[in-house]
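Me: I'm new to this one and would like to know where the labels come from. Can we go through it bit by bit?

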Amino acid sequence: MAIFQCHIQVVSRGEGRSVVSAAAYRSASRIENTYTGLTDDYTQKGWVEYSEILLPPNAPREWNDRAVLWNAVEDAEKSRDCRLAREIEVALPQELSLQENIRLVQEFVRDSFVSDGMIADINIHNPPVRDSSGIPVDADGNRVTDRKDMIFRNPHAHILLTLRPLDENGRWMPKTEKEYLCKKGNQTKAFTAEEFKAAKKEGWQKQYQYYKGKKKVWLTPSEAFEGNLIRASKYPRCTPGRQNEKARYWNSREAILAYRKSWEEHVNLALERAGRPERVDCRSYKDQGLDAIPGIHLGSYASRQTDSDRYKANEEIQELNRKNEDIQKSLDEVEKEIEKKKERLFDRLAEQLGKIRGDIISVRYDLESLLERQAAVETERKKLDERISRVKTVREKALERDRTSKEKIARLKKEADDSPARKDSLAGEIQAEQEAIRFRRERLDKVLAEEGFDSLSDYLQEAQILSQMELEAETLEQEITSCREQTEELERRYGELEGKLDAEDLKGFEPWREKWSGHYEKKAAERIRKRKGGFRVYLFERAVQNTGYSLRHSAYLAGRAAYVVKEMVQAAEETDGQGRKR
């Protein structure tokens with residue numbers, strides 16, 4: 001059954017750990033650590049089912065490379081006891097497929113971390129049950145080597161997160177910024193270095209230590225000048241530092257509780273999408289009002305030590321909880337029998353369909369946004385490509401001919417040195433080549449101006465922008481494909497659920513469908529507004545319209561198929577009956 005596990009820890013250099021090593025281990029890859037000079041090679045490690053890096057929009061695209069990303073994190077942290085990354089380990093529901101679990105983790109990470117500016121490195125592991133020697137076993141405890149004979153009970157995900165915020169240009173921001181405790185008259189106020197530049201013009205001054213007799217006192221330079229005092233230190237008076245607001249929140253208890261709650265909500269949403277009844281709860285058994293006894297967490301090693309006291313105690317706890325669960329299940333079954341009324345069935349089925357429809361609308365909204373952005377990027381890319389292509393052609397030809405001219409000039413100069421009698425005639429050829437170089441440069445400058453470039457550096461900068469546009473276009477295409485696949489999967493599930501209703505039931509079902517469709521349509525709009533930080537009405541209306549059309553079309557095809565099958569069965573029965581009569 002689905003369980004709630006969300007373990008959060010920090011990867012700290014002060015504990016002798018390296019985030020490069022952690023990333024290499026969790027992704028089963030080989031990464032060279034530029035900070036230590038060592039290479040971490042875990043390519044022989046198995047059972048890594050999926051790996052992905054998710055970046056916020058302002059992060060450099062090259063950080064999609066795991067080695068580049070985590071070496072950049074190591075390089076950014078200078079102290080020997082710094083905190084390098086946060087790791088979140090979550091248990092994945094066994095009831096979901098690998099693709100469903102991948103989507104679950106992606107949505108959780110995007111909504112909880114990437115949307116807030118963090119970079120996330122996702123790795124999903126699914127190791128088999130093993131004996132005390134670490135060898136996979138089957139259901140009877142026999143050692144096996146064939147994957148189909150193994151038992152997989154522990155799918156889980158490791159999520160490595162960056163701890164240092166990024167500015168709008170993708171540069172690391174300080175976790176804590178230095179503050180100078182400044183003074184103006186009888187007022188005292190703290191300023192960062194950037195703030196002090198403006199405050200200085202308003203009369204604020206930094207404070208330094210000065211000797212006053214045998215004591216050291218904090219004074220501004222102007223105050224010390226009046227007393228003719230000598231400075232005792234070159235370092236200005238500072239506060240403990242101004243912590244970056246994002247970094248402060250990421251490290252707060254409030255954030256930890258929010259992350260746990262978010263994981264609960266995302267797991268339950270994924271289980272609902274899959275039509276599963278299981279649910280998880282981030283609260284303790286006590287807070288849930290349950291009589292269940294908390295189990296003892298056993299790691300991969302301890303879970304194989306069946307003779308240990310911890311293992312035996314855990315087995316006894318699980319047995320007691322199983323008995324409690326059996327009792328609860330019996331009670332639940334009685335309640336389900338009572339609730340088998342048609343209206344309740346309609347309500348629950350309509351709610352599930354409404355939720356799936358809301359998910360389809362949400363995905364289609366993303367798809368419409370991506371398609372709109374793709375069209376805009378393609379338009380700008382084509383315009384820029386036409387300008388750059390012409391300049392590129394002229395520049396490449398000019399560079400090649402300049403190289404030939406320079407080589408010829410060097411050869412002619414050497415011949416002139418070797419044959420003084422031909423010096424005058426050769427000088428004319430040299431001048432002709434130099435004039436040709438100058439002419440080509442003027443020609444290039446003219447083409448640059450004709451295409452709207454202020455200079456060669458301006459052209460090179462625009463060429464870099466074009467390259468970035470092409471990368472963005474590739475990323476958009478991948479995301480569009482993913483959205484379309486998600487939409488198809490959701491529409492398939494919607495059709496399967498709707499297929500549980502007979503044609504006679506559909507008429508009475510419509511009021512329930514309208515009730516929950518409207519409810520989850522509003523939920524989808526709220527979720528989009530919360531996730532995106534904005535809301536475009538026309539895109540949402542288009543997503544709702546397309547969703548309605550696709551679901552009606554799917555229902556029509558399903559109904560038509562059912563009708564054809566029914567007609568074929570009746571025809572076969574009639575033919576069989578006529579044959580028996582003869």
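Me: What makes the charged end of lysine 45 count as sitting over the ring of tyrosine 25?
Reply: First, keep in mind that this is a predicted model. The charged end of lysine 45 is 4.9 Å from the centre of the tyrosine 25 ring, and the cut-off for a charge over a ring is within 6 Å of the centre, plus within 35 degrees of the ring normal. Lysine 206 is placed over a ring face as well, that of tyrosine 180, at 3.9 Å from the ring centre.

Me: Why is the pair of phenylalanine 108 and tryptophan 263 called edge-to-face?
Reply: Their ring centres are 4.9 Å apart, and a pair needs centres within 6.5 Å. The planes of the two rings stand at 65 degrees, and over 60 counts as edge-to-face, so that is the name the pair gets.

Me: Where in the chain do those two residues come from?
Reply: Phenylalanine 108 belongs to helix α3 (residues 98-112) and tryptophan 263 to helix α7 (residues 253-273).

Me: How do you know whether phenylalanine 108 is buried or exposed?
Reply: Buried means under 20% relative accessible area. Phenylalanine 108 has 0%, so it counts as buried. Tryptophan 263 has 1%, so tryptophan 263 counts as buried too.

Me: What about phenylalanine 191 and tryptophan 204: what kind of pair do they make?
Reply: Their centres are 5.3 Å apart and their planes are at 65 degrees, so this pair is edge-to-face. Phenylalanine 191 is in strand β10 (residues 187-192), while tryptophan 204 is in the loop between α4 (193-201) and β11 (205-206), 13 residues apart. Both phenylalanine 191 and tryptophan 204 are buried.

Me: How many aromatic pairs are there, and which residues do ring pairs link into a cluster?
Reply: The count is nine aromatic pairs. The cluster is made of Phe108, Phe113, Tyr259 and Trp263.

Me: How are two packed helices described?
Reply: By the angle between their axes and the distance between the axes. For α3 and α7, the angle is about 145 degrees and the axes are 10 Å apart. Their crossing is right-handed.

Me: Which residues meet there?
Reply: On the α3 side they include Arg103, Leu104 and Phe108, and on the α7 side Tyr259, Trp263 and His266 are among them. By class, the contact has seven nonpolar, three polar and four charged residues.

Me: How do you know whether glutamate 488 is buried or exposed?
Reply: Exposed means over 50% relative accessible area. Glutamate 488 has 56%, so it is exposed. Glutamate 488 is in helix α12 (residues 456-498), and its C-alpha atom is 9.8 Å from that of serine 550, 62 residues away along the chain.

Technical notes:
Residues are numbered from 1 along each chain as its sequence is written. This is a predicted model: local features need pLDDT of at least 70, side-chain atom pairs count only at pLDDT 80 or more; totals for chains, interfaces and linings use all residues. Side-chain values use heavy atoms; hydrogens and water are left out. Rings of Phe, Tyr and Trp (its six-membered ring) pair if their centres lie within 6.5 Å; planes under 30 degrees apart count as stacked, over 60 as edge-to-face and the rest as tilted. Helices (H or I, at least four residues) and strands (E, at least two) are DSSP runs, numbered from the N terminus. Buried means under 20% relative accessible area, exposed over 50%, partly exposed in between (1.4 Å probe, protein chains only). Axes are lines fitted to C-alpha atoms, for helices over the stretch in contact, and angles run from 0 to 180 degrees between N-to-C directions. A crossing is left-handed if the near helix is turned anticlockwise from the far one by less than a right angle, and right-handed if clockwise. Contact means heavy atoms within 4.5 Å. Ala, Val, Leu, Ile, Met, Phe, Trp, Tyr, Cys and Pro count as nonpolar, Asp, Glu, Lys and Arg as charged, and the others, Gly among them, as polar.
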